[in-house]
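Notebook open, model loaded. I'm jotting down what I look up as I go.

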Amino acid sequence: MIGINAKIKRGSGELAILALLNQEPLHGYEISKRIAQVTGGVLQFNLASLYPLLYRMEKRGWVKGKWEEARSGRQRRYYHLTPKGKRQLAPLRAEWGMFFQALHRIAGVTPAES
Amino acid sequence: MVDGQELISARLGELGLATRREEEIVRELGDHLADHTAALEARGVAPDAALREALDSVSNWPELRQEILSVEAEEANMNYRTKVLWLPALGALTLSSGLLAIFQFLGLVPRFYWLSVTGVPLAVPFYFPWLIALPAIGAVAAFWSQRAGGKAVHRLLAALAPPISMLGTFLIGPFIGLLIYLLIPLFSDGAGHRRIRFPLYAPSMIGVFLMLASWVLLPAVGLLLGAAPFLRKPQAQG
């Protein structure tokens, strides 16, 4: 499996997290697990790459962390998408769409066959 | 169950953040580590190996620590500047303007000194009661910034906020006047001659300088006199 360059991964992380939290609130480990599952392991965020990103998004007001009881009965810090974060989804999706379109035009980038 | 918090704390070290925030970060990262280890054990990995693999997922703990501190500092920097500069500066501006308004309400008017420059009379105002009160305002602003942990430059700028803002007015005012003079046709008569001449000649330039001295330079000196003791002292701790 071809790994994704760290910088590309970092840039796409915000969109991935916002898209997931738009479906339901999740805690950090669930976010990293869900991203890996949905992308078939292509995008992986570990403890070191995930939490600075989450904290930065929280400072911007895109997500809000709250301690809540998890399904396991233990307290976990769940992240909720804020209205401000929700408003970021469409422009971020458009931005990445344009980016891939441009790459396709110049370098013939097409979705990899799964 | 793995004590993730203790392991995270040992690897990140003290972050130097507010206690509550630091505890929250360590707890959250510890929970992630514990969940990751438990997931590996559920796949049949031995407990020791699972913990080792979860810890090894972070290749550079000092870098993670720096990234977390960097994110936390972004907000802290904004709040610091507000506390040590903008609020004390706003306080100085409010006190200075408020005093001017009170003096005028009390009937204390500026004293005008008349000068003759190339035959043109110029009135130079000096608002002595206000000028005398300025050292106290400078002292208040510098002390406020110092108590908030401001450096000498913050204390100085906070104290000098009133003349700095007045200087801005003096710099912008002539340009607005020139714009009005050039653009608004009301200021011209039928023959195309402007009824009001834009005062770009020596006596008015000297007048502007004297106004600057009266409303910017002298007040700056007064404020600086009050702020001076607080510029020399070391900044307040904590």
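Burial first: I call a residue buried if 20 or more other C-beta atoms lie within 10 Å of its own, exposed if 12 or fewer, and partly exposed in between, with C-beta atoms placed from the backbone. Helices (H or I, at least four residues) and strands (E, at least two) are DSSP runs, numbered from the N terminus.

Ground rules. This is a predicted model, where local features need pLDDT of at least 70, side-chain atom pairs count only at pLDDT 80 or more, and totals for chains, interfaces and linings use all residues. Residues are numbered from 1 along each chain as its sequence is written, while chains are lettered from A and ligands numbered from 1 in the order in which they are written.

Entry: H2(A). I listed the buried residues of this helix and got A:Gly28, A:Tyr29, A:Ile31, A:Ser32 and A:Ile35.

Entry: chain A overall. I find 4 helices and 3 strands, and the pattern along the sequence reads α-β-α-α-β-β-α. Of its 114 residues, 24% count as buried. For contacts, I take two residues whose C-beta atoms, placed from the backbone, lie within 7 Å. Among the chain A contacts between residues at least 6 apart in sequence, 48% join residues at least 24 apart.

Entry: A:Lys84. I located this lysine in helix H4 (residues 83-107) of chain A. Buried or exposed? A:Lys84 is exposed, because I find 12 other C-beta atoms within 10 Å. Not counting residues up to four places away in sequence, A:Lys84 touches A:Gly61 and A:Trp62. I also checked A:Val63, which is 21 residues from A:Lys84 in sequence and 8.2 Å away in space, C-alpha to C-alpha.

Entry: confidence. The model scores ipTM 0.88 and pTM 0.57. Chain B has a mean pLDDT of 83, with 84% of its residues at 70 or more; pLDDT is the predictor's confidence in each residue, from 0 to 100.

Entry: where the chains touch. The contact takes 12 residues from chain A and 15 from chain B. On the side of chain A that touches chain B, helix H2 (28-38), helix H3 (47-59) and strand S3 (75-81) each supply at least two residues. H3(A) gives the largest share, 7 residues. By class, I get 6 nonpolar, 2 polar and 4 charged for that side of chain A. My classes: Ala, Val, Leu, Ile, Met, Phe, Trp, Tyr, Cys and Pro are nonpolar, Asp, Glu, Lys and Arg are charged, and the others, Gly among them, are polar.

Entry: B:Val71. I placed this valine in helix H4 (residues 61-105) of chain B. B:Val71 counts as partly exposed because 19 C-beta neighbours sit inside 10 Å. Which residues is B:Val71 in contact with, leaving aside its neighbours within four places in sequence? I get A:Pro52, A:Tyr55, A:Arg56 and A:Lys59.
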